[in-house]
Amino acid sequence: MSAATALLGSALVGSVSPALVVARSITFGITLLHSVLAGGLVGVFLTDVAHLPVPPVVTAALVSILISVLTAEAINRGLPEDSAIATSVCLSVTTTVILTYYLSFMSPLGVSKAMSYVFGTSALATAGDVARLAATAIIVIPLIHMFWGEFKYVFFDPEGAYSMGLRVRYYRYLLYSLTAATATSLAMSLGVLLTHVVLTAPGLIAVRAAVRKIHAVAYASSLLIMASGYVLALALELPPSAGVGIFASATVIYALLGVRKWSAY
Amino acid sequence: MVSALPDKHVEVKDVTLSYGREPVVHDASFALKSPFFAILMGPNGAGKTTLIRALIGLLKPVKGRASIYGLVPWRDMGAIAEVVGYVPQVINVDALAPVTVEEVVAMGLLSKLPPPRVISGTVKKKVKEYLSLVELSDYEDKLFSELSGGERQRVLLARALIRRPKLLILDEPYSMLDFKVKCEVVELLYRIHRTLGVDVLMSAHELSPCMAYEPTVILINKKVFAIGKPSQVLRLDILKAAYPGLTEVKGLIILGEDHALRK
């Protein structure tokens, strides 16, 4: 199950990460994970306290997609991207803090469930995890490839794209929503903290290393990070997410060190 | 080339444009009759780019109306995209994006089609043809980020031309280029205007690179001060009104760092 989780996770990351890097929205991608945590807590609260049959994964996905669309709309309306992202983080973190506070005395077990979003559960990957990642991959990967040209183009020159009749607003919604779906799915297995790193590394490497074969390099590096991480975790008797984290971090550091120094300072 | 459209040309009537409370363009009016090779000239902050944004439908006027060949830009976006080829300022595109010249130019054509927008053999051929028109043959595989400022400008021009527009609108097409390249860009634009019958409206700080082609000059600084041929517009009384920072030195009037006129 862990191998299947790693394989599907790397396919998802390999498709989304380059799009985020090309769209210069990698900050958005990683800060979006705050909303996954907030959405997960909403789900835990509804199940454990309100006793409503709403799985946390559904609320996590819905909240993160909602916040991603709100962020996209704020940017479309002229708010600078960093301000829009900061607002979405504020909203998510506030929700997280309030719900964690209430859950701590209303359902202590709920808090530990919610923490699985932070640290991941891939050590205990289940058939449910594989099914969830597979379902996300079936939706996300074809859509990313179908609109890859448009994503590149719309973020390369938004005004020019608009003047040619391309709906810049909808492409932003689409990319952000696909990122939200991917982040939610991955966060359930890898944890929010680790997904930060995993979502960044392959896109960074691909755009730096191979401008013309971006996706091929992104898929390869993503698979390499996941597979090596799992092997390392087995060897060191660590949770798989820790092994993946070590490799992903090392890859990001390598990518940064590989940047040619051109400035004098 | 779109030819079935009503021949109403470009008309801006009492247009006021604003991003907030203060108007950036106030009660601007002018009209251009096809065929035209026109320059929207004015100092920094005059509202040239804002007016261009309104003409391509990105900004709705607070007051007044504008039309392009009978179409209202912010209402008839689909039809405007068919007749207008827009070339943005090079500094407004992400110059470091991992896109090839072929991808940039092809998108001009592919944006007319539904997804998936794949660069087919026919599209490749068209891209080659239009790159050759802007004198960038064999540039298809180069990265946009590897090009010089003048070359990037030509690529964006090819992207607009491949759509076979009736009107080319260019925002500062020769800013930040050296004077020789500025003249080359203007010469190319004039040749396209003459040979393909495309109307041209561009914004610029300075007129010098265009003087040889007798353009129609629309002098703007928040409002339109004059419209006509350079000899009609570049008069001291008009320039003094439009350029508050205008300097007079020993028989010359200086409008900017590289633009001086004899009194």
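Reply: What follows is a walk through one sheet of chain B, the helix on it, and then some aromatic pairs.

A word on the ground rules: this is a predicted model, where local features need pLDDT of at least 70 and side-chain atom pairs count only at pLDDT 80 or more, while totals for chains, interfaces and linings use all residues. Residues are numbered from 1 along each chain as its sequence is written, chains are lettered from A and ligands numbered from 1 in the order in which they are written, and side-chain values use heavy atoms, with hydrogens and water left out.

Now the sheet. In chain B, six strands make an open sheet with mixed pairing, in the order β5-β6-β7-β3-β8-β9. Strands here are DSSP runs of E with at least two residues, helices are runs of H or I with at least four, and both are numbered from the N terminus; two strands pair if DSSP finds at least two bridges between them. The edges belong to β5 (84-87) and β9 (223-228) of chain B, and each has a single partner strand, so one side of each lacks a neighbour in the sheet. On average, neighbouring strands in this sheet are turned by 15 degrees against each other, direction ignored.

β5(B) and β6 (residues 167-170) of chain B run parallel and are joined by four bridges. Within this pairing, G85(B) sits opposite L168(B) of β6(B). Packed on the sheet is helix α5 (residues 149-161) of chain B, touching β5 and β6 of chain B, with its direction at about 165 degrees to that of β5(B). Contact means heavy atoms within 4.5 Å, and the angles, from 0 to 180 degrees, are taken between N-to-C directions of lines fitted to C-alpha atoms, for helices over the stretch in contact.

How well covered is α5(B)? Mostly: eleven of its 13 residues are buried, that is, under 20% relative accessible area with a 1.4 Å probe and protein chains only (exposed is over 50%, partly exposed in between). Among them are R152(B), V155(B), L156(B) and R159(B). End to end, α5(B) reaches 18 Å from its first C-alpha to its last, close to the 18 Å expected at 1.5 Å a residue; that expectation is 1.5 Å times one less than the number of residues.

Stepping back, chain B has eight helices and twelve strands, and 55% of its 263 residues are buried. D76(B), in the loop between β4 (63-68) and α2 (77-83) of chain B, also counts as buried, at 18% relative accessibility.

For the aromatics, there are twelve pairs over all chains, a pair being Phe, Tyr or Trp rings (six-membered for Trp) with centres within 6.5 Å; planes under 30 degrees apart are stacked, over 60 edge-to-face, the rest tilted. F151(A) and Y171(A) are edge-to-face, at 6.4 Å centre to centre and 90 degrees between the planes. F151(A) is in helix α8 (residues 148-156) of chain A and Y171(A) in helix α10 (residues 168-190) of chain A, so their pair ties together parts 20 residues apart in sequence. Both are buried: F151(A) has a relative accessible area of 1%, and Y171(A) is at 10%. Back in chain B, Y190(B) and Y213(B) make a tilted pair, 4.6 Å centre to centre with 35 degrees between the planes.
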